[in-house]
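This report describes selected local features of a single protein chain. The sequence and the coordinates are shown first, and the discussion follows.

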Amino acid sequence: MEIFFWAIAAVLALQLLFVLWNLRQLPQLGGTGEGRLWLAGGEWPVADLPPRLSVLIPARNEAERIGACVQAVLAAESSPLLEVLVLDDQSADGTADVAILAAQGDSRLRVLRGADLPDGWLGKSHACQQLAQEACGEWLLFLDADAMLRPGALTAAMDTALRQGKGLITGFPHQQTGSWLERLVVPLMSFTIACHLPIGLVRGSADAKFVAAHGAFLLIHAESYAAIGGHRSFKSKLLDDMEMARAVKRAGLPMTLADVSGQVSMRMYTDAAGVWNGYKKNIFAGTGRQTGLLAALGIFYALIYLLPPAMFIAALLAYAVFSAGMLASMLVPCLLPAAIGWLLAIIIKGVIDHRGRLPVWFALLLPAGIVMLIGIAAASWHAAASGEGYVWKGRRYL
């Protein structure tokens, strides 16, 4: 048994080395200064140019957050070559009125009324498709209503976009958390990417398996968006962001996964119920609805991240209570490798959280977070297997 826990510690040591290397492959937005000049019109008179960048915000019942989002976008860049389109997707809470008031008469904002949802479409994809059809920009930034841009975010994004030329730029915003389940589960999104996806291959490989994307921040060239068929080409898929990334790769277009946490922040969910339902909707779909893969990942995470702390506590108790007994003789030799494995897991999580601008002490929550993640994954699988489906923003999805 002792050898088994030394093997787990060795795996975690290799995982730490991979994470340290992998995070170094994550490029930052900005750096060239071209984005600011481009948004200013360059050498051309601004009056002669159409909008160059369209920020597209789908919003359904987002009255509490859309105002701050719109104000942040308009404040992030003063260029008249920016247009901001908000699509009110049949909200019942006055989302459109809040967005209009937040703009304070800024003519760069337009609020669109969403059409009825056609058969075969999911709500967000349909909203994004409508936004893209109305957009005039050379580049389209799909932005969630709970995302907050910081000053300079758009020029930094355009630095990277202009250097790439076409295709897609995406990234994981800084995640703000409040409730206990947010702190346990939300940081695990970046954790799984850093631990398992070779980030350099997102840009460097044409293989569509090497993709990651976050729907809160998707910057795509308008011609590239048209080339992949827009959201219409994955209109019934729950993970529209990942489907867009895969479509870009399949079309032979470049994409970059960048560190946007310094330019974009968001609070995806505002309570534990939102976390549970949001991740329940996405986790099984994220494995391609492969039951075997979901089960294998759950077992792997339990072995690597839950077994060492469980064994450390059990061995410590056996030593304290049954110091001369058979149980102690079996478990105490596992004390050191289990402690090392637990410590390595904490360090891995701490490194990733620090890079994502999260409190480092969140790393101590890793075992509890893994327990909750496995529980949500099981609920996600059950909802699909039973035909119960998922409910999100008042709509049911299968």
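Which residues point one way from strand β9, and which the other way? In this predicted model, Met255 and Leu257 point one way from β9 (residues 255-258), while Thr256 and Ala258 point the other way. All four of these residues are buried. Strand β9 runs parallel to strand β6 (residues 168-171), to which it is joined by four bridges. Within this pairing, Ile169 stands opposite Thr256 of β9.

**Ser54 and its surroundings**

Ser54 belongs to strand β1, which covers residues 53-59. Its relative accessible area is 0%, so Ser54 counts as buried. The side chain of Ser54 is joined to that of Glu83 by a polar contact of 2.5 Å. When neighbours within four places in sequence are left aside, the contacts of Ser54 include Glu83, Ala135, Cys136 and Gly137, as well as Trp139, Leu140 and Leu141.

Leu49 is found in the loop between α2 (34-39) and β1. Residues up to four places away in sequence not being counted, Leu49 touches Gly41, Trp44 and Leu81. The C-alpha atom of Leu49 is separated by 45 Å from that of Phe284, and these two residues are 235 residues apart along the chain. With a relative accessible area of 21%, Leu49 is partly exposed, because the buried class requires a value under 20%.

| Residue | Relative accessibility | Class |
|---|---|---|
| Ser54 | 0% | buried |
| Phe5 | 3% | buried |
| Leu49 | 21% | partly exposed |
| Phe4 | 40% | partly exposed |

**Aromatic pairs**

How many aromatic pairs are there? With ring centres required to lie within 6.5 Å, the count comes to nine aromatic pairs. One of them is formed by Phe4 and Phe5, with 5.5 Å from centre to centre and 85 degrees between the planes. This pair is edge-to-face, because its planes are over 60 degrees apart. The two partners fall into separate accessibility classes: Phe4, at 40%, is partly exposed, whereas Phe5, at 3%, is buried.

Terms used: Residues numbered from 1 in each chain as written. Predicted model: local features only at pLDDT ≥ 70, side-chain atom pairs only at ≥ 80, totals over all residues. Heavy atoms only, no water. Phe/Tyr/Trp six-rings, centres within 6.5 Å; stacked < 30°, edge-to-face > 60°. Buried < 20%, exposed > 50% of the residue type's maximum accessible area, 1.4 Å probe, protein only. Helix = DSSP H or I, 4+ residues; strand = E, 2+ residues; numbered from the N terminus. Polar contact = N/O pair within 3.5 Å; in protein donor to acceptor, adjacent residues only side chain to side chain. Contact = heavy atoms within 4.5 Å. Pairing = 2+ DSSP bridges.
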